[in-house]
Amino acid sequence: MATATPSEIRVGAHHEPHLGFLRSYVFSVDHKVIAKQYLGLSLFMALLGGAAAYLIRWQLAWPETYVPGWGYVEPQQYNAIITMHGTIMIFFVAMPFVLGAFGNFLIPLMVGADDMAFPRLNMMSFWTLFVGSAVLIASFFVPAGPAAGGWTAYAPLSARPIYTGVTWGQNLWLIAVAIEFASFLMGGINFLTTALNMRVPGMTLWRLPMLVWTELIAAVLFMLSVGPLIAGAFMLLLDRIAGTSFFVPDKGGDPLLWQHLFWFFGHPEVYVVGLPGFGIMMEIIPVFSRKPLYGYKTIVWGMIAAGVLSFVVWAHHMFVSGIDPRLATPFSITTILISVPFAIIVFSLLVTLWGGKIELTSAMLFAVGGLATFIIGGVTGIFLGSAGLDVYLHGTYFVVAHFHYTLMPLAIFGGFAGLYFWFPKMFGRMMNETLGRIHFLATFICFNCVFIPLFLAGVAGNPRRIYEMSSYDFLKPAQPLHVIATIATLGLLAGQIPFIINFFMSLVRGRKAERNPWHANTLEWCTDSPPPHGNFSQPMVVYRDPYEYGNPDAPKDWMAQNEPPAAPAPLGGGQIRRTGTR
Amino acid sequence: MLTWLPQNVSTFGGDVDHLFHIIYYITGVWFVAAELFLFYCLVRFHKSRQAQPLYARGESSSQAAWVLVPVLVVLMLDLGIDKIGGDVWHRIKLELPPAGDQVHVTGKQFNWEFTYPGPDGKFGTADDQTIENELHVPVGTVVRFELSSKDVIHSFFVPALRLKQDAMPGRTIKGWFEATQPGTYEIACAELCGFGHYGMHGVLTVHTAADYQRWVQSTWGAAKAAAK
């Protein structure tokens, strides 16, 4: 793969002081501004998704009581709220957070480039997502309310307005989601091209920071899997507005086709959101352990294996859906085997901690806290992946707890870790560590108190997406579990207040950040905080891998990627060979 | 955690619970070990107790073994779980034992319809009876069901039987169960099917042999039932 030579890098070409407010901050083509726009959008949408969680949990703990700040939740409304909660959190919070914000901000900086490969396409990706978000929010206000068929929008429930009573709400949902897919498809092209073609001399693939690797693999997974579902979304839309029957059996359609299209995308999507979360942890844990990431190449191969496997596990969402039962066995085997690459990643991170010199900053707490909670999400996947046991657990709160335990540690804990870590680089100021630790403790404790009880409710056979449980006798013992989960949810939501205060206070009054406050090695720390237009004031050359911490033979305990190797004693005026520029 | 499982009253339910226990203990050991390791590292190797970090890149084969050997053990355990879980799946979903009794189960917004063949044992005859939300079966008898839906996807879920199967419009899906204890057990819908989803439940009544005869007589009348 060709890398740019220093002369090709447009160093400092982007001073452009004449751009007005609109071109600098709104319709900017600077990847750093676009990253912050993604961050702002995802945090705003998280408020909506969090509000939905509040309504869901209140209704489940104290059914049909007055919800403070809202009123009573009706059954139809409940279905709409759970649908929007899932849709918002996955497509409009997690993806813009870990892909949009961190991918955009860090890929060019980490490979030493001055911007994304296609800056205008990058701007268009964000504004496309903005339109998608606006369409989704608009669906709240149409007659008959927003989509109420679940975030998976299973046909025929979603395919005919008579089944839910929802009319344009579901149509707009499909349009919004299709726009979102188009946005990240464009973003993915940019990620891939930038990570492969914009690397500075010396930045070989085996020297890429893990965050870039994870964003790269995520972009490839997304691009390979989303196409069928974009087509599927339009087919479902046609079923709704043009009377076709792709997914409705009365005129020869097949509801299972939708599930195949949805989950062929939906499972890789979990890794699209999850892997960058791991990428963030893999950047932070070595820095605050002062140790190299343990087994870099093993991890990369593990992640590639996980990516490949993710394309052949989708039917584990469909074991009891009516597929040929003989199909369950191979899909069950591939699903459980996916624990192997994830074991590689988790064990490598654990061994990285061993013998380290650990500093528990807010970023590190969220990184190791996310790792600790992800382990629960990982092991509970074995229960659900085993088809024989899934017969019982499918569609229960066990599933709800499981996927919150995989996605929240990676996308949310990982995302927060990344925010505490790169905030100085993004905004040029340090965040408050005390508030950060309070935020972590509240989030970590409350998160576990929400979802551990929900595992138990799932074991008790509690189906998910049930408006209220009281009519089932066998679920009476599970009701106190829902009360615990709801009280913890209130704590989890309140626990975000220190973060919001910290974020805005640090933005204005935080201590000025130096270039490299954490003594980290990757290239983004070799430029100003925040980096100027064009990112670097001099051409970057990379000499080593990104995790050279605590080497006893080195003069200090970190060696930036662009720091030239210590010159060996010159023998007769021989030239120093620059190793690493392969 | 496993004490939260509801009572099991089906022949294959014991296999499901057994599988649950096996996976629970295998993953439980790994979970506890990993969390203890993590917590130990955070305390033992905190910067206040550690002056110089260990420099290990994990690239040589002897170092990589620290990760790869446990991973190999995970792989072996995975295959073991695949084998046991595959057998359980096979017994529930792939084997269809000879029927002692038959019923058609049809999901619709927001009720379960149970159609019984009546004393002649044949569907599509005049003595078929459809009863909403009440499933009556004799104890210790293999009950074969045919599951379908009139509108959207529902999921026939009987927690006490450890049985779940989606009802798919446009398809008829065959299945079976054998209840081991008389009593009444709840039937839930486990797939979101609309605003009334939460109220879509039925009751499974497992009768003793004598009780079942009484139910048949009261449903079809003494004369017809005698023909059975």
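Two chains, questioned

Modeller: In this predicted model, chain B is divided into domain 1 (2-94) and domain 2 (101-226). The C-alpha centres of domain 1 of chain B and domain 2 of chain B lie 39 Å apart. Their contact takes 9 residues from domain 1 of chain B and 13 residues from domain 2 of chain B.

Colleague: What classes of residue has the side of domain 1 of chain B that touches domain 2 of chain B?

Modeller: That side has 4 nonpolar, 5 polar and no charged residues.

Colleague: How many residues of chain B are in contact with chain A, and what makes them count as being in contact?

Modeller: 74 residues of chain B are in contact with 82 residues of chain A. Two residues count as in contact because their C-beta atoms lie within 7 Å. Helix H2 (61-94) of chain B is among the elements that give two or more residues to this side, and H2(B) gives the most, with 17 residues. Also on the list are helix H1 (13-44) and strand S9 (183-189) of chain B. By class, the side of chain B that touches chain A has 47 nonpolar, 13 polar and 14 charged residues.

Colleague: What is the secondary structure of chain A, and how do you know whether its radius of gyration agrees with that of a compact globule?

Modeller: Chain A comes to 17 helices and 0 strands. With 582 residues, a compact globule would have a radius of gyration near 25 Å; chain A has 24 Å, so the two agree. The C-alpha atoms of chain A fill a box of roughly 85 × 50 × 50 Å along the principal axes. Buried residues make up 62% of the 582 residues in chain A.

Colleague: How do you know whether helix H11 (residues 339-353) of chain A has the span it should?

Modeller: H11(A) has 15 residues, and at 1.5 Å a residue they should span 21 Å. The end C-alpha atoms of H11(A) are 21 Å apart, so the span agrees.

Colleague: Why is H11(A) called largely enclosed?

Modeller: Because 14 of the 15 residues of H11(A) are buried, the rest of the structure largely encloses this helix. Just after H11(A), Gly355(A) takes a positive phi of about 75 degrees.

Colleague: Which residues of helix H16 (residues 479-494) of chain A are buried, and what do they pack against?

Modeller: Among them are Leu481(A), His482(A), Ala485(A) and Leu492(A). The buried residues of H16(A) pack against helix H2 (31-61) and helix H15 (433-459) of chain A. H16(A) reaches 23 Å from its first C-alpha to its last, close to the 22 Å expected.

Colleague: Why is Asn535(A) called buried?

Modeller: A residue is buried if 20 or more other C-beta atoms lie within 10 Å of its own. Asn535(A) has 26 C-beta neighbours inside 10 Å, so it counts as buried. Asn535(A) is found in the segment after helix H17 (497-509) of chain A, and its phi is near 70 degrees, a positive value in a residue other than glycine.

Colleague: What makes Arg162(B) count as buried?

Modeller: Arg162(B) has 30 C-beta neighbours inside 10 Å, and therefore counts as buried. Arg162(B) is found in the loop between S6 and S7 of chain B, with a positive phi of about 55 degrees although it is not a glycine.

Colleague: Which residues does a cis peptide bond join in chain B?

Modeller: Gln109(B) and Phe110(B), with omega about 0 degrees. Phe110(B) lies in the loop between strand S1 (101-108) and strand S2 (111-116) of chain B.

How values were computed:
Residues are numbered from 1 along each chain as its sequence is written. Chains are lettered from A and ligands numbered from 1 in the order in which they are written. This is a predicted model: local features need pLDDT of at least 70, side-chain atom pairs count only at pLDDT 80 or more; totals for chains, interfaces and linings use all residues. Domain bounds come from an automatic or database domain assignment. Ala, Val, Leu, Ile, Met, Phe, Trp, Tyr, Cys and Pro count as nonpolar, Asp, Glu, Lys and Arg as charged, and the others, Gly among them, as polar. Helices (H or I, at least four residues) and strands (E, at least two) are DSSP runs, numbered from the N terminus. The expected span of a helix is 1.5 Å times one less than its number of residues. A residue is buried if 20 or more other C-beta atoms lie within 10 Å of its own, exposed if 12 or fewer, and partly exposed in between; C-beta atoms are placed from the backbone. The radius of gyration is taken over C-alpha atoms; the globule rule is 2.2 Å times the number of residues to the power 0.38.
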